[in-house]
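This briefing describes one protein chain by topic, from overall dimensions down to single residues. The notes below are meant to be read beside the sequence and the structure.

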Amino acid sequence: MQQLAHRLERLGTETAFSVAQAAAAWKAKGNLVYPFHLGDINIPTAPHIVEAMTKAIADGYTGYCPGPGIPQLREALAEDIGSRRGISLSPDNVVVMTGGKPVITKFLQAVMNPGQEVLYPNPGFPIYESQIEYLGGTAVPYRYLPTSQGFSIDLDQVRASITPNTVAIIYNDLQNPISAESTAAEREAIAQLAQEHNLWVLSDEAYFETRYEGVSSSIASIPGMAERTVILYTFSKKFAMTGSRLGCAVAPLEIAKVLSTLNTNDESCTTHYVQWAGIEALRGTQEPVQQMLDVLRERRDAACELVNSVPGMHVAVPQSTFYLFPDVTDVMEKMGYTAVGDFASDALYKTGVSFCTREHFGRRQPGEERQYIRLAYSGIDIADIREGLGRLRDWIVTA
């Protein structure tokens with residue numbers, strides 16, 4: 001039998017999908033499942049966006065288009081992203097892609113040589129680590145420390161992890177899975193380290209506008225950072241367009257040109273008619289965006305209240321994203337669990353509540369002793385949130 005490429009041994013995956021498979025199999029047997037595992041959105045894309053996509057198809061926008069995106073969308077993105085972050089952008093800084101995830105891969109292809117080091121958050125989105133290692137780099141994790149407000153980056157560990165071989169840091173403010181948001185001081189500290197050590201920065205801003213209180217800030221708006229930062233932007237979260245696969249990179253011109261060439265090599269272009277829907281999403285009514293945020297806020301509040309009503313479980317109320325990352329260490333000890341995966345499996349089969357665990361978001365780091373689970377409330381209605389987490393609470397309390 002012919003051999004496959006050795007680099008495939010370094011390729012990871014988005015492990016939340018394995019949880020989805022287990023939940024689907026349990027549901028197929030006739031059992032009730034409360035899907036807190038996958039960060040999809042069960043709110044449909046707004047009608048005016050769908051209509052724009054349909055019209056674009058009818059108007060014949062079904063063929064190839066420019067690799068970096070159609071000019072009209074790049075202009076709309078430059079205007080919208082720049083104005084919300086207080087930075088000056090031109091359409092040439094914007095490279096349209098098939099969602100936010102390709103930005104990670106193409107950023108690494110552009111700035112990292114095999115053997116070089118890239119810092120990434122752990123726990124964090126698992127594709128960071130997967131793509132660093134797949135492309136031959138060395139993935140260097142940095143951790144978060146629990147606080148009364150949620151979590152903060154261990155800046156001492158970040159400083160200690162930077163070597164002459166470090167070329168970039170991946171920074172996910174408004175973080176998946178832990179909903180951590182940097183303070184201004186923390187953001188400034190990361191920026192200072194990037195400038196001091198001449199690092200490229202990938203700023204994952206997928207949840208920049210998925211927030212319920214306050215205003216988001218971008219590391220790219222800090223003086224000296226725009227020229228070394230690539231912003232990951234996606235339509236998936238803000239506009240409930242996860243299946244449309246539309247996003248972009250906002251990059252310094254030298255990087256934007258490379259990303260455009262990579263687009264041409266990889267997929268030629270992003271689907272033409274979807275890009276016209278993106279223009280309508282940005283420039284049309286924003287009322288559906290606010291309506292969705294109102295729904296998600298209500299779900300957040302209900303989920304937090306129920307989680308914090310369980311003896312031995314606690315989570316800070318996050319101001320952004322649609323995830324909770326509660327500490328379940330005391331609950332597991334009370335119930336006799338030593339592995340969080342076993343706790344999650346039994347929770348599915350005994351209560352129907354399906355969720356991811358800390359282990360789905362990167363390898364556990366040395367000295368990491370607390371146990372966490374991730375609850376995504378974007379794809380589950382509030383009645384099911386209350387019923388499902390109520391059943392989880394009853395199972396834990398009566399154990």
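The model is predicted.

**Overall form**

- The C-alpha trace of the protein chain spans about 60 × 55 × 55 Å along its principal axes.
- The secondary structure of the chain comprises 13 helices and 14 strands.
- Of the 399 residues, 56% count as buried.
- The chain exposes about 17000 Å², and carbon and sulfur atoms supply 51% of that area.
- Taking contacts between residues at least 6 apart in sequence, 74% join residues at least 24 apart.

**Annotated domain**

- An unreviewed UniProt entry carries the annotation "domain: Aminotransferase class I/classII large" for residues 43–392.
- The end C-alpha atoms of residues 43–392 are 25 Å apart, and the span is 41% helix and 15% strand.

- Strand β10 (residues 247–250) runs antiparallel to β2, and four bridges join the two.
- Within this pair, V94 stands opposite V250 of β10.

- The buried residues of α9 are H272, V274, Q275, A277, G278, I279, A281 and L282.
- An α-helix has 3.6 residues a turn, so residues three or four places apart point the same way.
- The buried residues of α9 pack against α2 (47–58), α3, β2 and β9 (229–234).

**D80 in helix α3**

- D80 is part of helix α3 (residues 71–85).
- Is D80 buried or exposed? Buried means under 20% relative accessible area, and D80 counts as buried because its relative accessibility is 10%.
- Apart from neighbours within four places in sequence, the contacts of D80 are E209, Y233, K238 and L282.
- One of these contacts, L282, is among the buried residues of α9.

**Three-stranded sheet**

- Strands of a sheet pair through backbone hydrogen bonds, either parallel or antiparallel.
- Three strands form an open sheet in the order β11-β14-β13, with antiparallel pairing.
- β11 (323–324) and β13 (356–357) stand at the edges with a single partner strand each, so one side of each has no neighbour in the sheet.
- Two bridges hold the antiparallel pairing of β11 with β14 (residues 373–376).
- Y323 stands opposite A376 in β14.

**Hairpin β5–β6**

- Strands β5 (residues 144–147) and β6 (residues 150–153) run antiparallel and are joined by four bridges.
- The two strands form a hairpin, with two residues between them.
- Y144 has I153 in β6 as its bridge partner.

**Cis peptide bonds**

- The peptide bond from N122 to P123 is cis, with omega near 10°.
- P123 is located in the loop between β3 (117–121) and α5 (126–134).
- N176 and P177 are likewise joined by a cis peptide bond, with omega about 20°.
- P177 belongs to the loop between β7 (166–171) and α7 (184–196).

- L174, which is not a glycine, has a positive phi of about 55°.
- L174 is found in the loop between β7 and α7, and P177 lies in that loop as well.
- L174 is buried because its relative accessible area is 4%.
- S268, also a residue other than glycine, has a positive phi near 70°.
- The loop between α8 (253–266) and α9 contains S268.
- S268 counts as partly exposed because its relative accessibility is 32%.

Methods: Residues are numbered from 1 along each chain as its sequence is written. This is a predicted model: local features need pLDDT of at least 70, side-chain atom pairs count only at pLDDT 80 or more; totals for chains, interfaces and linings use all residues. Side-chain values use heavy atoms; hydrogens and water are left out. Two strands pair if DSSP finds at least two bridges between them. UniProt positions are given in the numbering used here, feature names are shortened, and annotations may be inferred rather than shown by experiment. Buried means under 20% relative accessible area, exposed over 50%, partly exposed in between (1.4 Å probe, protein chains only). Contact means heavy atoms within 4.5 Å. Accessible areas come from the Shrake-Rupley method with a 1.4 Å probe; for residues, only the protein chains shown count as cover.
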